[in-house]
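User: Hi! I'm new to this one and would like a quick tour. Could you walk me through it?

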Amino acid sequence: MLKCQRCPNKAVIHITEILGPGQVEDVHLCENCYKALITAQLQQQAGGVGQQERSEIVNKSCSHCGLTFTAFRSHGRFGCAQDYTVFQEEIAPLLESLHGQTRHEGKTPRRGPLSQAQQAELTQLRQQLQWLIREERYEEAARIRDRIRQLEEGR
Ligand SMILES: [Zn+2]
Ligand SMILES: [Zn+2]
């Protein structure tokens, strides 16, 4: 069982983030901490973003499952694997605030930098994998896992 990075609860949100060339970091949070983080971040954003821009974010929704950013924010849950991509822009700044707490845990950076495209693919695959595991779709998950290994080994 993976623990939340901020409290002893079980982590239910798992996000892989790209820190820089060849450097990725896994973020594990329980639902409460994730929501708290998102709420804090959105309040911060609200100060700097114009009204029009803000309503665009709020009205954004997934074409696959229909999840809106508002719904995602309030439940802290994704509706389908595509949502990670749909709301990527909105989620990215939320994760920046985590860095201070996670850096010192010292994950070993991978050997040999991957191209940007490979990193993007890896990130997406990892997110899909988490989702498939949660949905107990293990056969599909196994295929994704193999692809991740291939990418990580630079094949
Ligand atoms: Zn927590
Ligand atoms: Zn969706």
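User: Let me start with one residue: is Arg145 buried, exposed or partly exposed, and why?
Analyst: Arg145 counts as partly exposed because it has 16 C-beta neighbours inside 10 Å, and being called buried would take 20 or more. Keep in mind that this is a predicted model.

User: Where does Arg145 sit?
Analyst: You'll find Arg145 in helix H8, which covers residues 138–152.

User: Which residues does H8 use to meet H7?
Analyst: On the H8 side they are Glu140, Ala141, Ile144, Arg145, Arg147, Ile148 and Leu151. H7 brings a set that includes Leu122, Leu125, Leu129 and Ile133.

User: And how do the axes of H7 and H8 cross?
Analyst: They come within 9 Å and cross at roughly 155°. An angle over 145 counts as roughly antiparallel, so that is how H7 and H8 run relative to each other. The crossing is left-handed.

User: Let's zoom out. How many helices and strands does the protein have?
Analyst: There are eight helices and two strands. Going along the sequence, the order is β-β-α-α-α-α-α-α-α-α.

User: What's in the largest nonpolar core?
Analyst: Ten residues: Cys62, Leu67, Phe69, Phe72, Phe78, Ala81, Tyr84, Val86, Phe87 and Trp131. Helix H3 (69–75) and helix H4 (83–86) are the elements that give two or more residues to this core. There is also a second, separate core of six residues, with Leu29, Cys30, Cys33 and Tyr34 among them.

User: Back to Phe78: what is it in contact with, leaving aside neighbours within four places in sequence?
Analyst: Phe78 is in contact with Leu67, Phe72, Asp83, Tyr84 and Trp131.

User: What share of the protein counts as buried?
Analyst: Of its 155 residues, 17% count as buried.

User: Switching topic, what is the mean pLDDT?
Analyst: The mean is 76, and 72% of the residues reach 70 or more. Among the elements, helix H7 (residues 116–134) has the highest mean, 87, while helix H6 (residues 99–102) has the lowest, 47.

User: Where does pLDDT stay under 50?
Analyst: Over residues 100–108, a stretch for which the model has six contacts beyond four places in sequence. Where pLDDT is low, the predicted coordinates should not be read in detail.

How values were computed: Residues numbered from 1 in each chain as written. Chains lettered and ligands numbered in written order. Predicted model: local features only at pLDDT ≥ 70, side-chain atom pairs only at ≥ 80, totals over all residues. Core = buried A, V, L, I, M, F, W, Y, C linked by C-beta atoms within 7 Å. Buried ≥ 20, exposed ≤ 12 C-beta atoms within 10 Å, placed from the backbone. Helix = DSSP H or I, 4+ residues; strand = E, 2+ residues; numbered from the N terminus. Contact = placed C-beta atoms within 7 Å. pLDDT = per-residue confidence, 0-100. Axes fitted to C-alpha atoms, helices over the stretch in contact; angles between N-to-C directions. Parallel < 35°, antiparallel > 145°, perpendicular 65-115°, else oblique. Left-handed = near helix turned anticlockwise from the far one by under 90°.
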